[in-house]
Amino acid sequence: MTQAVLSIGSNLGDRLARLQSAVDGFGAAVRAVSPVYETEAWGVVDQGRFLNAALVVEDSATDGPGWLRRAHELEQAADRVRGERWGPRTLDIDVISCREPGEPELLSRDSTLTLPHPLAHLRAFVMVPWLQIEPDAELTVAGRRCPVAGLLAELEPADRDSLRLTELVLHPAGDR
């Protein structure tokens, strides 16, 4: 059984509905859903604020590339247009980490999928929601396993403080 950590975000249209469409799209594979945070855009900052959350998903028939395929299918269903890098988007789903339960994190440097996500340790909007659902989370950075809480502590305070916890809630399948 493969388990993955996914970061989901949206800053166009009905942002919450877009995030919920991702949760619904992963269906019964969803094991945990973080609270929803609102954040400033990262990279290209001249755009609307994002809603972000993290998911832990699990499926015996899905590997790292399979999680990425499913993510791309859900983005496409949400009318995602891949244009400007780090630009506005209806739905963005990143595969942050993938592993077999009880096993080390899977590493991939494939041309279509890099695992773990190469920028996750620089993004508070990835790490804060993730820590809400996996407080002991670890991520491989530069070849070594690092506690995500420690990586988050290394970020600039302004980066960490840029997240605002919302009262918005995402519901796993069958939880409404």
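This is a predicted model: local features need pLDDT of at least 70, side-chain atom pairs count only at pLDDT 80 or more; totals for chains, interfaces and linings use all residues.
Is Leu55 buried or exposed? Its relative accessible area is 0%, and buried means under 20%, so Leu55 is buried.

Who are its neighbours? If we skip residues up to four places away in sequence, Leu55 touches Ala4, Val5, Leu6, Ile8, Val23, Phe26, Ala32, Val33 and Ile133.

Leaving aside its neighbours within four places in sequence, Phe26 is in contact with Leu6, Leu55, Val57, Trp67, Arg70, Ala71, Leu74 and Ile93.

As background, in soluble globular proteins nonpolar side chains tend to be buried together. Here, the largest nonpolar core has 27 residues, and the ones that touch the most other members are Ile8, Phe26, Val57 and Ile93. Which elements give two or more residues to this core? They are β1 (2–10), α1, β2 (30–33), β4 (50–59), α2 and β5 (92–99). There is also a second, separate core of 23 residues, and Ile96, Ala137, Val148 and Leu155 are among its members.

Helix α1 covers residues 15–26 and helix α2 covers residues 64–77; they pack at an angle of about 135°, and their axes are 10 Å apart. α1 and α2 are therefore oblique to each other. The crossing, as α1 passes α2, is right-handed. On the α1 side the contact is made by Ser21, Ala22, Gly25 and our friend Phe26, and on the α2 side by Trp67, Arg70, Ala71 and Leu74. Sorted by class, this contact has five nonpolar residues, two polar ones and one charged one.

Let me finish with two spots in the backbone. Where is the cis peptide bond that I want you to find? It runs from Leu115 to Pro116, with omega near -10°. Pro116 itself lies in the loop between β7 (114–115) and α3 (124–133).

The other spot is Ala142, in the loop between β8 (138–141) and β9 (144–147). Its phi is positive, about 55°, although Ala142 is not a glycine. And is Ala142 buried or exposed? The cut-off for exposed is over 50%, and Ala142 has 80% relative accessibility, so this residue counts as exposed.

Technical notes: Residues are numbered from 1 along each chain as its sequence is written. Side-chain values use heavy atoms; hydrogens and water are left out. Axes are lines fitted to C-alpha atoms, for helices over the stretch in contact, and angles run from 0 to 180 degrees between N-to-C directions. Helices (H or I, at least four residues) and strands (E, at least two) are DSSP runs, numbered from the N terminus. Angles under 35 degrees count as roughly parallel, over 145 as roughly antiparallel, 65 to 115 as roughly perpendicular and the rest as oblique. A crossing is left-handed if the near helix is turned anticlockwise from the far one by less than a right angle, and right-handed if clockwise. Contact means heavy atoms within 4.5 Å. Ala, Val, Leu, Ile, Met, Phe, Trp, Tyr, Cys and Pro count as nonpolar, Asp, Glu, Lys and Arg as charged, and the others, Gly among them, as polar. A nonpolar core is a set of buried Ala, Val, Leu, Ile, Met, Phe, Trp, Tyr and Cys residues joined through side-chain atoms within 4.5 Å. Buried means under 20% relative accessible area, exposed over 50%, partly exposed in between (1.4 Å probe, protein chains only).
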